[in-house]
Amino acid sequence: MKKQKKIVINRDNVEEFVRSRNTSKDYSNKTRMQRQKLYIQTYINQLKTQLTNDYSTTLQKMYNFYSKLTTNITLKEIDSYAEMILNYSIDNNEYYTLPGEDQKGELHDEFIVDQK
């Protein structure tokens, strides 16, 4: 993935997008964290759009998807989740990062959390 290049995230590349980092570059975790924030924001916005455009169909698709992952989720729980998403908003100022410092470790980058 190249900077400033438009990409489409799908099931084939989503894990790479949110988890990968360039281990040959120092402090590459910062860009990974930026991609994770972007993914979360985009996911919520797209889900809100789908729910707004066709709540019933989207709710049923969500139920079909999540019920494959767990055997005890109910349609009512998915409905509650959908309502929460519709009422949810987030921006970059709402993310919390622990105070600390990046440093080069022996094998990889390390983040040392402030103990104060």
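The largest pocket holds about 1,700 Å³ of space. A pocket here is an open set of points on a 1 Å grid over the protein atoms alone, with protein on both sides within 12 Å along at least five of seven lines, and lining residues have an atom within 4 Å of a point. Volume is the space filled by probe spheres set on the points, which are joined across faces, edges and corners.

Some bookkeeping before the rest. This is a predicted model, in which local features need pLDDT of at least 70 and side-chain atom pairs count only at pLDDT 80 or more, while totals for chains, interfaces and linings use all residues. Residues are numbered from 1 along each chain as its sequence is written, and side-chain values use heavy atoms, with hydrogens and water left out.

Back to the largest pocket. Its lining has 35 residues, and I9, V14, F17, R35 and Y39 lie nearest the centre. By class, the lining has 13 nonpolar, 12 polar and 10 charged residues; Ala, Val, Leu, Ile, Met, Phe, Trp, Tyr, Cys and Pro count as nonpolar, Asp, Glu, Lys and Arg as charged, and the others, Gly among them, as polar. Helices α1 (14-19), α2 and α3 (55-69) each supply at least two lining residues. Helices are DSSP runs of H or I with at least four residues, strands are runs of E with at least two, and both are numbered from the N terminus. Which element gives the largest share of this lining? That is α2, with 10 residues.

The second largest pocket has about 290 Å³ of space. It is lined by 13 residues, of which N29, K30, M33, D102 and F111 lie nearest its centre. The elements giving two or more residues to that lining are α2 and β2 (109-113). Helix α2 again gives the most, here five residues.

Next, salt bridges, meaning a side-chain nitrogen of Lys or Arg within 4 Å of a carboxyl oxygen of Asp or Glu. The structure holds three.

K30 and D102, both among the residues nearest the centre of the second largest pocket, form one of them, at 3.1 Å from N to O. This pair links distant parts of the chain, with K30 in helix α2 and D102 in strand β1, 72 residues apart. D102 is partly exposed at 24% relative accessibility; buried means under 20%, exposed over 50%, and partly exposed in between, with a 1.4 Å probe and protein chains only.

D26 and K104 also meet in a salt bridge, at 2.9 Å from N to O. D26 sits in the loop between α1 and α2 and K104 in strand β1 (residues 100-104), so this pair ties together parts 78 residues apart in sequence. D26 is partly exposed at 37%, and K104 is exposed at 55%.

E15 and R19 form a salt bridge with the closest N and O atoms 2.6 Å apart. Both lie in helix α1, four residues apart, about one turn of the helix. R19 is exposed, with a relative accessible area of 55%.

Last, the surface. I7, I9, Y39, I40 and Y43 make a nonpolar patch of about 360 Å². Patch members have over 30% relative accessible area and no salt bridge, and nonpolar side chains (Val, Leu, Ile, Met, Phe, Trp, Tyr) are joined within 5 Å, like charges within 9 Å. Areas come from the Shrake-Rupley method with a 1.4 Å probe. I40 is found in helix α2 (residues 29-53) and is partly exposed at 36%. I9 and Y39 from this patch are also among the residues nearest the centre of the largest pocket.

Notes:
On a 1 Å grid over the protein atoms alone, a cavity is a set of points where a 1.4 Å probe fits but cannot get out, and a pocket is an open set with protein on both sides within 12 Å along at least five of seven lines; lining residues have an atom within 4 Å of a point.
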